[in-house]
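User: I am new to this structure. Please take me through a few of its features.

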Amino acid sequence: MSAVSGGCRDNAGGGALVPLACALPAWSYAGMSENKIDAAGWTRLSAPSLADFENMAEAAFARLPEAFRNLCEGVIIRIEDFPDDDVVEELEAESEFDILGLFVGRGLAHRGAAAATGEMPNMVFLYRRPILDYWAEHEETLGHIVTHVIVHEIGHHFGLSDEDMERIEQAAE
């Protein structure tokens, strides 16, 4: 999944706030089952909304191992359509479509025992439109992509770099 770009940033823009600990129902569309669409149902389908992405992110997070989730206490997931222009520029991306997710904050390995006064919570951003674009161009399920981006960005919360995670993924293959 080479297009999954991520990084770290110290401040955040607007968007829907979604606490990681909540478990909402899994996203689905009527007429769809395991990559098969009812011939009559396809005309009623539309792209998943921000709320649909919130549900997918919550469901993906809820499926992660409990020990992993417990280490993410206080991390917030934000769903937005696109990264803002400052993020695109800071990550030196060619386009806002090149960034599927982003970690904002200080990883656990870089924090003290207690948060500094005024320190914002760590946040994981998922960018709906770039994820949908990636999904349209690849043979992966949307749920798999959303889960991968969440795990990748939470990896930054644990203090892992993009290079660390690439080595871990390659070793697991």
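Analyst: Helix 1 and helix 5 are roughly perpendicular to each other (an angle of 65 to 115 degrees; helices are DSSP runs of H or I with at least four residues, strands of E with at least two, numbered from the N terminus). This is a predicted model, in which local features need pLDDT of at least 70 and side-chain atom pairs pLDDT 80 or more, while totals for chains, interfaces and linings use all residues. Residues are numbered from 1 along each chain, and side-chain values use heavy atoms, without hydrogens and water.

User: At what angle do the axes of helix 1 and helix 5 cross?

Analyst: The axes of helix 1 (residues 50–62) and helix 5 (residues 142–157) cross at roughly 65° and come within 9 Å. Their crossing is right-handed.

User: Which residues meet there?

Analyst: From helix 1, Phe53, Met56, Ala57, Ala60 and Phe61 meet Leu142, Val146, Thr147, Ile150 and Ile154 of helix 5 (heavy atoms within 4.5 Å). Nine of these residues are nonpolar, one is polar and none is charged.

User: Now Asn122: buried or exposed?

Analyst: Asn122 counts as buried because its relative accessibility is 3% (buried is under 20%, exposed over 50%). It is located in the loop between strand 6 (101–104) and strand 7 (123–127).

User: What does its side chain contact?

Analyst: The side chain of Asn122 makes a polar contact with that of His157, at 2.8 Å (N or O atoms within 3.5 Å).

User: And where is Glu92?

Analyst: Glu92 lies in the loop between helix 3 (85–90) and strand 6. It counts as exposed, with 72% relative accessibility. Its phi is near 55°, a positive value in a residue other than glycine. Most residues other than glycine have a negative phi.

Notes. Axes are lines fitted to C-alpha atoms, for helices over the stretch in contact, and angles run from 0 to 180 degrees between N-to-C directions. Angles under 35 degrees count as roughly parallel, over 145 as roughly antiparallel, 65 to 115 as roughly perpendicular and the rest as oblique. A crossing is left-handed if the near helix is turned anticlockwise from the far one by less than a right angle, and right-handed if clockwise. Ala, Val, Leu, Ile, Met, Phe, Trp, Tyr, Cys and Pro count as nonpolar, Asp, Glu, Lys and Arg as charged, and the others, Gly among them, as polar. Buried means under 20% relative accessible area, exposed over 50%, partly exposed in between (1.4 Å probe, protein chains only). A polar contact is a pair of N or O atoms within 3.5 Å; within protein, one must be able to donate a hydrogen and the other to accept it, and residues adjacent in sequence count only if both atoms are side-chain atoms.
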